[in-house]
Amino acid sequence: MEKIVEFMKRNYKVIVIVAALSAVLWSFMPSKKAEDGDKDKMLLELLSFVLEKGHYAPVEINDDFSKKAYAAYIESIDPTKRYFTQSDINEFQKYETLIDNMIKDKDLSFFDLTYNRLMKRMEESKKIYTNLLAQPFNFNVDETLNVDYEKLPYATNEADLKNRWTKILKLTLLSTITDKEKLEEEKKSKDATYAVTPFEKLEQEARKSTKSNLDNNYSFIAELTREDWFSMYLNAIVMQYDPHTFYFSPEDKDKFDVSMSGKFEGIGARLSKKNDAVEIVELISGGPAWRGKQLEAGDVILKVAQGNDEPVDISGMRLDDVIKKIKGPKGTVVKLTVKKVDGTIKVITITRDEVETEETFAKSAVVEKDGKKFGIIYLPKFYISFENKQKRDAYKDVALEIERLKEAKVEGIIMDLRDNGGGSLETVVKMTGLFIEKGPVVQVKAAGRKAEVLPDNDPQVQWTGPLVVMVNNYSASASEIFAAAIQDYKRGIVIGSKQTYGKGTVQNVFDLNQFVRTSKFGDLGALKATTQKFYRINGGSTQLEGVKSDIVVPDRFAFIETGEKDEKNAMAWDKIDPAQYSVVTSGFETQIAKSKSRIASNEQFKLIEENAKWINDRKEDNIVHLKYDAYKKEIADLDKETKKFKAIQEYKNNLVFNSLPYEQELFKTDDLLKQKRERWHEDLVKDVYVDESLNVLNDLTIKDLKVIVKNNKKKKTKEITAVK
């Protein structure tokens with residue numbers, strides 16, 4: 001999720017806070033031992049100091065802290081338990097409660113021990129897989145593998161470790177062989193004379209490609225320096241403060257928080273590393289993956305293939321290296337083998353393209369339902385001018401779209417914030433002001449200070465009519481601030497997942513070099529640390545709890561771990577005094593009750609809820625058969641079970657969505673824009689959530705809103721003029 005750090009660039013009071021903090025941190029004086037020692041000791045000392053002085057809620061560095069840091073570190077360097085044996089772990093465990101002391105003493109003996117042992121074990125494992133893949137595997141043995149590596153015990157000895165490698169390789173080979181068999185079947189179906197490649201040959205090819213993939217993977221790992229591994233150790237320590245506190249090595253510092261607003265070539269997806277897996281976190285609107293409609297947030301990437309080349313198993317590979325394999329020049333093809341949220345395995349072909357900046361901006365459409373005209377505004381992020389070369393601002397763009405929708409005489413507006421990961425705080429405060437007369441929008445609190453209320457001071461209201469805000473599990477940060485403010489003012493109805501993401505914290509990035517005046521060690525990197533928390537105007541934090549929807553709709557991801565509450569070491573929810581504000585309506589109990597009744601009787605929602613429960617029932621099913629016949633049957637049974645849920649993707653609401661007149665005029669000379677909008681409208685037609693949101697708007701009337709507007713003139717022209 002995006003960090004809302006941008007507003008410090010525009011908010012004087014916050015700059016003062018950061019400056020004061022920096023003054024405190026300038027008091028850091030490295031010990032003579034560290035200054036005369038090495039860079040690693042300097043970093044250990046400096047990070048401890050910065051976190052103690054600068055983190056919103058510093059934690060006590062004690063034995064409990066040590067145990068958590070120890071567990072996180074061991075998991076990060078051997079997530080699938082294919083390197084260390086139990087004897088290694090027994091040796092490491094004597095340090096389990098000593099990391100706190102080692103931080104204070106700048107003692108690196110634990111890191112040195114694990115680093116050297118890991119390098120040795122990895123060399124040994126390379127010999128293991130090389131020898132195993134030199135001979136055919138027996139797929140007639142009735143055995144299984146538990147792929148929930150976190151719950152697996154460590155191998156008891158070298159023989160046990162070799163057996164684990166055998167099972168891991170068998171699973172990889174089975175996946176590759178069955179993929180090849182599907183291709184053979186397709187060729188046979190197209191050409192009856194085609195001679196299908198026998199199993200033995202496919203098995204041999206699978207072993208060869210698996211060996212090549214592993215060799216490439218180990219080549220990537222071999223390029224990691226001691227500094228890279230030490231960064232993992234440091235992050236196992238600093239992330240015990242909270243999941244958004246992170247150390248960036250000098251190499252990674254420049255890559256931090258690259259905005260989606262820049263143009264780049266690839267598939268248009270944001271990825272995240274979770275244990276040994278690479279997961280799709282977000283699809284960038286308008287990108288190739290988004291247009292293809294096959295990938296979705298929550299999918300796990302297993303393999304990557306370039307064009308018609310053999311797929312590469314990416315398990316255990318660094319996220320940066322996976323990204324390098326997926327990115328590529330416009331027009332080239334990448335094939336991703338993914339494990340879908342429902343457990344099925346699919347190969348998805350994507351042609352790389354330029355991910356258009358325009359598609360990360362606000363856009364709107366109109367639709368008629370039951371004789372009324374409504375508008376929908378989709379906002380993928382709360383962008384602001386200093387993030388994009390076109391100087392686009394989400395506040396100005398949304399204000400302009402509202403004016404255009406008013407000219408189209410719409411009777412209600414949907415703000416679609418689904419999958420919106422956040423952005424600029426300044427922007428969300430001003431945007432909330434488009435819908436309320438004036439008043440507080442959000443409270444921001446730094447450690448040891450009173451909460452600061454950030455208000456909308458403009459009495460003008462851009463839209464006074466019915467409003468529905470759509471959210472989901474991936475609506476985070478600034479999205480939650482907007483939804484919470486609309487909900488607290490009772491200005492509109494929030495509809496979506498049970499709750500939003502639940503990220504109610506602010507991070508600032510500290511360049512560590514600024515705190516050391518006479519460093520002999522070059523670039524020290526940077527630390528992203530949590531320094532503030534957000535609070536709703538009603539006093540409650542959005543942390544963990546997010547924003548609870550007024551109307552909860554069934555969601556396929558309802559039981560999947562997707563929010564802040566599922567992160568380790570997430571900061572707690574709390575509450576402060578509410579700000580002074582007045583609600584603008586008496587509430588929407590009648591409309592909410594009607595919607596809940598419709599949802600309960602809607603067959604599509606019933607199917608989605610059934611699918612969510614089915615996925616939940618299967619999420620603990622981590623046992624995979626390694627016998628060929630059993631594996632094939634397992635895959636076939638899974639495909640058969642999921643067929644009933646295909647109707648979810650086949651749904652259509654039979655509504656007609658249209659672009660506004662200004663865009664229709666642009667279509668005459670911009671065919672690409674026309675295609676993009678048509679694809680978006682096609683998605684809206686298949687969207688049951690939009691359908692119900694329109695039903696809610698239809699239930700609302702102007703009389704339901706008691707908004708008192710003294711001056712309902714347009715915002716100043718300079719505030720709402722979009723960049724052409």
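Predicted model: local features only at pLDDT ≥ 70, side-chain atom pairs only at ≥ 80, totals over all residues.
**Stop one: threonine 585**

Select threonine 585 and show its side chain. Threonine 585 sits in the loop that runs between β20 (551-552) and α17 (589-601). Is this residue buried or exposed? Its relative accessible area is 5%, so threonine 585 is buried, the cut-off being under 20%.

**Stop two: helix α23**

Select residues 688-699, which form helix α23. The helix has 12 residues and reaches 17 Å from its first C-alpha to its last, close to the 16 Å expected at 1.5 Å a residue. Colour the helix by accessibility: α23 is mostly covered, with 10 of its 12 residues buried. Among them are Val688, Val690, Leu694, Val696 and Leu697, and also Asp691, Glu692 and Asn695. Now extend the selection to aspartate 687, which caps the N-terminal end of α23. One of its side-chain oxygens lies 2.9 Å from the backbone nitrogen of tyrosine 689.

**Stop three: phenylalanine 521**

Move to phenylalanine 521, in the loop between β18 (505-511) and β19 (526-535). Phenylalanine 521 has 19% relative accessibility and therefore counts as buried, as the cut-off is under 20%. How many residues apart along the chain are phenylalanine 521 and methionine 42? They are 479 residues apart, while 8.8 Å separates their C-alpha atoms.

Terms used. Residues numbered from 1 in each chain as written. Heavy atoms only, no water. Helix = DSSP H or I, 4+ residues; strand = E, 2+ residues; numbered from the N terminus. Buried < 20%, exposed > 50% of the residue type's maximum accessible area, 1.4 Å probe, protein only. Expected span 1.5 Å × (residues − 1). Polar contact = N/O pair within 3.5 Å; in protein donor to acceptor, adjacent residues only side chain to side chain.
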